[in-house]
Amino acid sequence: MPTTHLLYLHGFRSSPQSAKARLVAQRVAERHPKVHFWAPQLPPSPHDAMDRVMKGIADWPRESMAVIGSSLGGFYATYVAGMTRCRLVLLNPAVHPARDLSRYIGEQTSWHDPSEHFYFKPDYIDELRALEVGTLIRPERALAIVAKGDEVLDWREMSARYPGSRIELIEGSDHALSNFAGAHLDEVMRFVDPI
């Protein structure tokens with residue numbers, strides 16, 4: 001069934017203003033105007049972020065919704081797919097954020113607006129642990145695009161996290177998937193299959 005509702009979840013210190021989020025939003029607006037698209041600004045608290053997302057998609061049709069998540073947003077998207085069994089696209093997804101983000105406790109700035117500050121609390125590590133889900137029940141409904149050149153996350157961990165899913169392993173590239181527009185956007189949208 002084609003996708004009628006599409007959710008985009010950004011990464012740590014990122015926002016709906018990220019290059020990938022804007023490219024997806026633009027593609028949906030230009031070619032799939034009937035799709036309901038939502039890319040929320042996620043609060044620093046993982047609990048509050050998922051609370052906002054799950055309330056926002058509460059009345060979305062599970063069989064025709066999809067979620068795209070980048071980095072920490074990929075971890076969140078995995079949780080959403082675990083709860084809804086919807087179609088899922090992961091862009092260099094964080095797979096162990098409770099471990100990896102523990103070194104970021106303290107004052108942080110936003111990538112897209114360095115004047116914006118937030119405090120990443122120690123409690124957030126436990127909130128991340130609470131959102132961990134096991135193996136996906138519908139792994140065939142997931143596509144993971146993983147760059148071997150990711151300078152932030154380990155491509156081996158990312159690839160191993162989604163057994164039975166389609167893994168697109170990219171030689172080189174980087175954490176941001178800087179070549180997303182030219183190399184990956186079409187594939188992502190084909191997989192999502194929007195109306």
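In this predicted model, serine 173 is partly exposed, because its relative accessibility of 28% lies between the 20% and 50% limits. The residue sits in the loop between β8 and α7 (180-183). Serine 173 is not a glycine, yet its phi is positive, at about 65°. Most residues other than glycine have a negative phi. Arginine 13 counts as buried, because 18% relative accessibility falls under the 20% limit. A further positive phi, near 60°, occurs at arginine 85, which follows α3.

The model contains an open sheet of six strands. Their order is β2-β1-β3-β4-β7-β8, and the pairing is parallel. β2 (36-38) and β8 (166-170) are the edge strands. Each has a single partner, so one side of each lacks a neighbour in the sheet. On average, neighbouring strands are turned by 10° against each other, direction ignored.

Strand β4 (residues 87-91) pairs with β7 (residues 142-147) through four bridges, in parallel. Valine 89 has leucine 143 of β7 as its bridge partner. β4 also pairs with β3 in the parallel sense, over five bridges. There, serine 70 stands opposite leucine 91 of β4. In a regular strand the side chains alternate between the two faces of the sheet. In β4, Arg87, Val89 and Leu91 point one way, while Leu88 and Leu90 point the other way. Five of the five residues of β4 are buried, so the strand is largely enclosed by the rest of the structure. Helix α8 (residues 185-192) lies across β1 (5-9), β3 (65-70), β4, β7 and β8. The helix runs at about 160° to β4.

Nonpolar side chains tend to be buried together in soluble globular proteins. Here, the largest nonpolar core holds 38 residues. Leu9, Tyr76, Val80 and Leu128 touch the most other members. At least two core residues come from each of β1, α2 (46-56), β3, α3 (72-84), β4, β6 (117-120), α5 (123-130) and β7. α3 gives the most, with seven residues. A second, separate core has 21 residues, including Tyr8, Leu143, Phe180 and Leu185.

α3 has 13 residues. The helix reaches 19 Å from its first C-alpha to its last, close to the 18 Å expected. Of its 13 residues, 11 are buried, so α3 is largely enclosed by the rest of the structure. The buried set comprises Leu72, Gly73, Gly74, Phe75, Tyr76, Ala77, Thr78, Tyr79, Val80, Ala81 and Thr84. These residues pack against β1, α2, β3, β4, α4 (97-100) and α5. Valine 80 shows the packing in detail. Residues up to four places away in sequence aside, valine 80 touches Leu7, Leu9, Met50, Val53, Met54, Ile57, Met65, Val67, Arg85 and Cys86.

Six aromatic pairs are present in the structure. A pair of aromatic rings is described by the distance of the centres and the angle of the planes. Tryptophan 38 and tryptophan 60 form an edge-to-face pair, at 6.5 Å centre to centre and 70° between the planes. The pair links distant parts of the chain, 22 residues apart. Tryptophan 38 belongs to strand β2, and tryptophan 60 to the loop between α2 and β3. Tryptophan 60 counts as buried, because its relative accessibility is 6%, under the 20% limit. Elsewhere, ring pairs link Phe12, Tyr104, Phe118, Phe120 and Tyr124 into a cluster.

Arginine 22 is found in helix α1 (residues 19-31). Its relative accessibility of 44% makes the residue partly exposed. Beyond its neighbours within four places in sequence, arginine 22 is in contact with Pro16 and Gln17. Its C-alpha atom and that of isoleucine 145 are separated by 18 Å.

Conventions:
Residues numbered from 1 in each chain as written. Predicted model: local features only at pLDDT ≥ 70, side-chain atom pairs only at ≥ 80, totals over all residues. Heavy atoms only, no water. Pairing = 2+ DSSP bridges. Axes fitted to C-alpha atoms, helices over the stretch in contact; angles between N-to-C directions. Contact = heavy atoms within 4.5 Å. Buried < 20%, exposed > 50% of the residue type's maximum accessible area, 1.4 Å probe, protein only. Core = buried A, V, L, I, M, F, W, Y, C linked by side-chain atoms within 4.5 Å. Expected span 1.5 Å × (residues − 1). Phe/Tyr/Trp six-rings, centres within 6.5 Å; stacked < 30°, edge-to-face > 60°.
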